[in-house]
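Subject: Structure handover

Dear colleague,

I am passing on the structure that we spoke about, and below it you will find my notes on what turned up in it. Please read them with the structure open beside you.

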Amino acid sequence: MVTFTVEDQEGNRQQIEAPDDMGLSLMEILKASEYPILATCGGMALCATCHVEILEGEDDLGEATDAELDQLENLPEYFPTSRLACQIRISPTLEGAVIKLRGEDN
Amino acid sequence: MRCHLIDYLPQVGGQLSEIYPQKPIYDIPGYPEIKAQELVDNLMDQIKPFKPTFTLGERVDHLAKQTDGSYIITTNDNTQVHAQVIVIAGGLGVFEPRKPVLENLDHFEGKGVAYMVKNPENFRNKKVVLAGGGDSALDWTIYLANVAERVTLVHRNETFRGAPDSAAKVFDLANNGKIDLILSANLKELNGNGKLSSIKLESKNKEELTIDTDYLIPLFGLSPKLGPIADWGLNIDKNAIEVDTRDYSTGVERIYAIGDINTYPGKLKLILCGFHEAAIMMHSAFKYVYPDQKLSFKYTTVNGVNAF
């Protein structure tokens, strides 16, 4: 299990514990935790509705893929540590990270 | 039953055509692997005998119930369709343009701010600012460079991730003085008295720049919204329409919802399930379209395809 913190659009923070051995993505865990994430494309890095900003721990998560950067580039607003939650695997690298929801439909 | 399809996108196929046309799908029965657009093309072929008709690029805005129970459907372009039954197969809703976060943006919508180029002639001899860095921002910059009086492209980064050919063309146009290219800058503020007249930009190092313009076209891609569906008196739960799984009817008579737009206990958002829902819905809808006829269930293998 890994533990990380999620901050919603209103700034409310919550600690989330997630299994790191099931091949899940951060998007899937956020959805399962009842955060209102659309994830239109189902996790293919094609819609950017699961846009998040990594407030802490971004260095451990690795580089965004080209497909991910293409989507982020298209958004009206993005941040130096913006990522798509669907492209982040739940793994020990997420331990202690702080993630802010940025998708426009959240 | 004759079917007329209305979709806000300029082509049929919804998410498959719009979001992932070239992605393979592995869970369609009978196809170990098929590309999304190929599936849509095949479906279009398969329905040809039934001569469906289409209104594309228009959004259904209003439903007006008639005294006989039928509906008149009106789109945002005032196209009207008279139907005995409405089936909402709206996926996650309407693909609406993503909007930049600007304080008085809605104030200038339709008064200088446009999210798509419907008729390029509207911009002839006008000053136009485009914002965005994707393919559509590049393509429209290139196109409008020959139409508008002056085109300015504002992009947040130094480079473009869109098609390299288009990016090269845009840099060429800028180098030859045909357009103004403003990189590493964001939209900050819109100004005008009733109609857009200037835009304030802010560069990465917080310098401000104001440019006079007649139009702003923000091109930041599309995002799904429930849209007008939310106002039709249907039971909505988490952006989906609640249906009765006996026939995928909504709480409103003659209105059905199938596919990703509906929700019910055990719902799976799969194309496969959409097909199932559609077949059952059709059998239920028949009674409204042909109230005097008895519906008899037939197999195509026995009876062939009865085209119109």
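A residue to begin with is Tyr248(B), which is found in the loop of chain B between β19 (240-242) and β20 (255-257). Please keep in mind from the start that this is a predicted model. The phi angle of Tyr248(B) is near 60°, which is a positive value in a residue other than glycine. Is Tyr248(B) buried or exposed? Tyr248(B) counts as buried, because 25 C-beta neighbours lie inside 10 Å, where 20 or more are needed for that class.

Chain B as a whole

Chain B has 308 residues, of which 27% count as buried, and there are seven helices and 21 strands in it. Taken along the principal axes, the C-alpha atoms of chain B fill a box of roughly 70 × 45 × 35 Å. Among the contacts in chain B with a separation of 6 or more, 56% are accounted for by residues 24 or more positions apart.

Two packed helices

In general, a pair of packed helices is described by the angle between their axes and by the distance between those axes. In chain B, helix α4 (residues 135-144) and helix α5 (residues 164-175) pack at an angle of about 45°, and their axes are 9 Å apart. That angle makes α4(B) oblique to α5(B), and the crossing of the two helices is left-handed. Which residues make the contact? From α4(B) come Asp135(B), Leu138(B), Asp139(B), Thr141(B) and Ile142(B), while α5(B) brings Ser166(B), Ala167(B), Lys169(B), Val170(B) and Leu173(B). Sorted by class, the residues of this contact are five nonpolar, two polar and three charged.

It is worth looking at α4(B) on its own as well, where Ser136(B), Ala137(B), Leu138(B), Trp140(B), Thr141(B) and Leu144(B) are buried. The partners against which the buried residues of α4(B) pack are β10 (127-131), β11 (150-154), α5 and β16 (215-218) of chain B.

Leu105(B), found in helix α3, is partly exposed, with 15 other C-beta atoms within 10 Å. Leaving aside residues up to four places away in sequence, Leu105(B) touches Lys99(B), Pro100(B), Val113(B) and Leu190(B). Leu105(B) and Met1(B) are 104 residues apart in sequence, and from C-alpha to C-alpha they are 44 Å apart in space.

Pro21(B) sits in the loop between α1 (14-18) and β2 (24-25), and with 17 other C-beta atoms within 10 Å it is partly exposed. Its contacts, not counting residues up to four places away in sequence, are Leu16(B), Ala36(B) and Gln37(B). Between Pro21(B) and Phe108(B) there are 87 residues of separation in sequence and 34 Å in space, C-alpha to C-alpha.

Leu209(B) lies in strand β15 (residues 208-212) and counts as partly exposed, with 13 C-beta neighbours inside 10 Å. Where residues up to four places away in sequence are not counted, Leu209(B) touches Leu201(B) and Ser203(B). Leu209(B) and Ile72(B) are 137 residues apart in sequence and 49 Å apart in space, C-alpha to C-alpha.

In chain A, the buried residues of helix α2 (residues 66-74) are Gln71(A), Glu73(A) and Asn74(A). Seen down the axis of α2(A), these buried residues fall within an arc of 160°, so they line one face of the helix. What they pack against is β4 (82-84) of chain A.

Finally, how many residues does each chain give to the contact between them? Chain A gives 15 residues and chain B gives 17 residues. By class, the side of chain A that touches chain B has eight nonpolar, three polar and four charged residues.

Key
Residues are numbered from 1 along each chain as its sequence is written. Chains are lettered from A and ligands numbered from 1 in the order in which they are written. This is a predicted model: local features need pLDDT of at least 70, side-chain atom pairs count only at pLDDT 80 or more; totals for chains, interfaces and linings use all residues. Axes are lines fitted to C-alpha atoms, for helices over the stretch in contact, and angles run from 0 to 180 degrees between N-to-C directions. Helices (H or I, at least four residues) and strands (E, at least two) are DSSP runs, numbered from the N terminus. Angles under 35 degrees count as roughly parallel, over 145 as roughly antiparallel, 65 to 115 as roughly perpendicular and the rest as oblique. A crossing is left-handed if the near helix is turned anticlockwise from the far one by less than a right angle, and right-handed if clockwise. Two residues are in contact if their C-beta atoms, placed from the backbone, lie within 7 Å. Ala, Val, Leu, Ile, Met, Phe, Trp, Tyr, Cys and Pro count as nonpolar, Asp, Glu, Lys and Arg as charged, and the others, Gly among them, as polar. A residue is buried if 20 or more other C-beta atoms lie within 10 Å of its own, exposed if 12 or fewer, and partly exposed in between; C-beta atoms are placed from the backbone. The arc is that of the directions from the helix axis to the C-beta atoms.
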